[in-house]
Amino acid sequence: MGLVLAGAAWMAPFPAWAQASPPGPHADAAFDLMNLLTQHDLHDIRSESWNAYGQVTYISSWKFPFSAAYTNLDGSMRSLKPDAEQSFTVSFTLFFGARLWHGGEAYFVPEVISERGLSNLNGLGGSIQNFELQKTGTEVPSLYRSRFYLRQNFDLGGSPVVKESDPMQLGTTVDSRRVVLTAGTFTTLDIFDRNNVAGDPRKGFLNMAFMTHSSWDFAADARGYSLGGAAELYWDDWALRFGRMAPPLHPNTLPIDPNLSQVYADSLELEHDHVLFGQPGAVRLLGYRNHEVTGRFADAIATFQADATKNAAACPVTVYNYGSGNVTAPDLCWVRKPNTKVGVGVNLEQYATKDIGAFFRAMYSDGQTEVDAFNSADRDMSFGVLAKGAPWKRPFDVAGAGIGASWISSIHAQYLAMGGVDGFVGDGRLRQAAETVIDVFYSFNLLKAIWLTADYQHIWNPGFNADRGPVDIVTGRVHAEF
Amino acid sequence: MRSSRVRTRLTVALAALAAAAVVTWPPRACAQQTAQGFALDRLYRSGPGAGWFVMDTLDMHGGLGGVMGLTAGYAHDPLRIRTTDGSQQLAVVSDEAMADVGFAATYDRYRLYLGFEMPLDVSGQGGAIGNYRFTAPNSGQPFTPSGVNPSTAPDTIADARLGLDARILGGPRSPFRLGASAQLYVTSPNETRAEYETDGTVRAMGRLLFAGNVGMFGYAGHVGVHVRPLDDAPTPGSPQGSELLFGVAAGPRLPLGKEGAMALVVGPELFGETAFRSFFGSATGVEGLLSGRVEGTADDGAQLRVKLGIGAGLDARFGVPEWRAIVGIELFDRGGRKALIRP
């Protein structure tokens, strides 16, 4: 049945109706509006007809000066600057949910963000230091609707599963065997590649390498959202998911191309939940296939080698390009056309005790085409351990340590070595290496609603370039939920 | 001799001064000026759960209730600029489609709500009329080498609206009810006036509301002030500052279904606004809307309200379309089953 639904979703174009990271669950004892209403007998939090939540997060990062053999060589312009820099994001989000009919739910999530990235978000390929940063963000706050979608649940039997009231989740009880259809505007990460241990990045790891696979170029606009649909089949401990989402009109830009029959990003995920030594865990296998208007690195190189006038600095103003000034480099602007990108990945999570868990992600993408929506990596691996503070009498505190590494393909490296740029990296030259980050943090909870976080990151080979770095970044975060 | 020299020097100095004045004096306003955009839509929607599209039934009651509503509308030719003799005209905004998502909490006689206006499509034609050049909306480039033009963002929220309505006199079904309403429009900082979706400033409204039910007949109306800091006078077809708001609506309420579980309300809404600086002059708009709605009548549990309105502008001022269609769907719970907690 899941395959039938998946097939139907594959074939049918979805209607063009339109932090990329989903929020984590609220603790029952959290101080928030819905719990407050419930305590005054004004709301049924177990069987909700509506709910409303909110969050505000301020993140400030300081990057220390680092050594670099060169920066923005020959007019390429995607280097992380070696000077000291400060970056910040402020986000404010409201989460509204309403039950429309039996099994039918609607969600609307307006959001405001203000930000300043390090080096205008240039120079880090798979381990951007703050997951909240958006490609079009500015210091002038932007108000937008991040999510606006419908979800329909069809119960098919099995045992009851309690869904707690949370942002983008009405409190209800569903069957362990069910089909869930979602359509509208949301982020692919609301449905796919969830990880209970890594959880909500607004309370966990700050580096984007731990939010999802660095090399998964899932379709999204420049903020991380897109329109499309997904079908999920839950069958006790198993889950099968399929989704089709719309890519951006041009790589890494805000407008999306809603023509889902022509350009699209398909994702297929199989999940199995298990209990190992009395503790829960999960295994997820993810495959994706994108058919989007992008440039192939090999095509760009061949075009430049055949005609040197077709270089990065000569991109016509009428053609989408990144604005590189390097006359000796190839550029993707000359060769964009519908291309296919594929990748496969694994996502593991396992609790060792009730309060300590570990996760592991790894993905291999073909690496033949440019980044269209997420970041520049072609392969990735990440591993992390998180611990809640119950053992030291602070149950709402969270501490974590993790390591993430990402790589690029040999043809991607050749393109960058010739001075080419993509959406995020391109120093003008390259000595290829894995971009690797370690991220260590502690989140201190106040009043069950506010988290103060101190975070340290050490990044080797920024931009996949062994001639630059390493980079040290310290970050402070204030996060509140209500 | 000496006086002649002095006169000569004085003449030279005056001539130099005159020449300098000619060179440095700014040219007269014969060059074309570029008109800027503004929040064009003048159908100022009532709060979610208010019943009518513009007026308010003022029937809030019971314990804590809630409303979630989606309104979508299309307006044709809401901004058509004409020369005074009518020889030239330009549909600067010929098509405007907007959606509004709103959420309200009701308690006793109060309604607190939050709404988000989202442009779906705003398009038109640029050109010159007289000394003014008008730029069509959606004419921004979708991308630049350094990023995208935020004004072409598909996920835009134009203005956010925070409102509070209260019934001051009368019960929820009294023949005469009097209420007050305050709304604050906060503009999205990333929105630009060029898209005709926002004024780029904070706006506010204060309204005196009245409504009532006599038998199966219901009526509602308002008079108020729209505090609008934007004053682009004398640019043709542009806001001229704060406005007086007025409007009435009336229609029968017909029971539907078993024991009147649903009700149909049909009737006209007539509403308008006029700028104080040209009272009932060039910045006055009046619009009529024939609206109908079907709504659940139960006091407890989730109820549905579906609304449809079709209307036309009664004059040709800015924001008043040639014709308009608007639909709304609301899910609401009047909160009647819940205990009313009084301090």
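Predicted model: local features only at pLDDT ≥ 70, side-chain atom pairs only at ≥ 80, totals over all residues.
User: To start with chain B, how many helices and strands are in its secondary structure?
Analyst: Chain B has one helix and 17 strands.

User: What percentage of its residues count as buried?
Analyst: In chain B, which has 343 residues, 45% count as buried.

User: And the contacts in chain B, what share comes from residues 24 or more positions apart?
Analyst: Such pairs make up 63% of the chain B contacts that have a separation of 6 or more.

User: Moving to the largest nonpolar core, which residues touch the most other members?
Analyst: They are A:Phe96 and A:Phe218, in a core of 114 residues. Strand β3 of chain A, residues 104-116, gives the most to this core, contributing six residues.

User: What is A:Phe218 in contact with, leaving aside its neighbours within four places in sequence?
Analyst: The contacts of A:Phe218 are then A:Thr188, A:Ala265, A:Ser267, A:Tyr288, A:Ala373 and A:Phe374.

User: Which residues belong to the other core, apart from that one?
Analyst: That core has 18 residues, including B:Phe53, B:Met55, B:Leu58 and B:Phe271.

User: Back to chain A. In which sense do β1 and β2 pair, parallel or antiparallel?
Analyst: Strand β1 (residues 50-63) and strand β2 (residues 85-101) of chain A pair in the antiparallel sense, with 14 bridges. Within this pairing, A:Asn51 is opposite A:Gly97 of β2(A).

User: How many bridges join β2(A) to β3(A)?
Analyst: There are eleven, and the two strands run antiparallel. A:Phe88 stands opposite A:Arg116, which lies in β3(A).

User: What lies between those two strands?
Analyst: Two residues separate β2(A) and β3(A), which form a hairpin. In the turn, A:Gly103 has a positive phi of about 80°.

User: Now the three-stranded sheet in chain B. In what order do the strands come?
Analyst: The order is β1-β6-β5, in an open sheet with mixed pairing.

User: Why is one side of β1 and of β5 left without a neighbour in the sheet?
Analyst: In chain B, β1 (33-35) and β5 (127-129) stand at the edges and each has a single partner strand, so one side of each lacks a neighbour in the sheet.

User: By how many degrees are neighbouring strands of this sheet turned against each other?
Analyst: The average is 35°, with direction ignored.

User: How many bridges are there between β5(B) and β6(B)?
Analyst: Three bridges link β5(B) with strand β6 of chain B (residues 132-134), in the antiparallel sense. Here B:Ala128 is opposite B:Arg133 in β6(B).

Notes
Residues numbered from 1 in each chain as written. Chains lettered and ligands numbered in written order. Helix = DSSP H or I, 4+ residues; strand = E, 2+ residues; numbered from the N terminus. Buried ≥ 20, exposed ≤ 12 C-beta atoms within 10 Å, placed from the backbone. Contact = placed C-beta atoms within 7 Å. Core = buried A, V, L, I, M, F, W, Y, C linked by C-beta atoms within 7 Å. Pairing = 2+ DSSP bridges. Axes fitted to C-alpha atoms, helices over the stretch in contact; angles between N-to-C directions.
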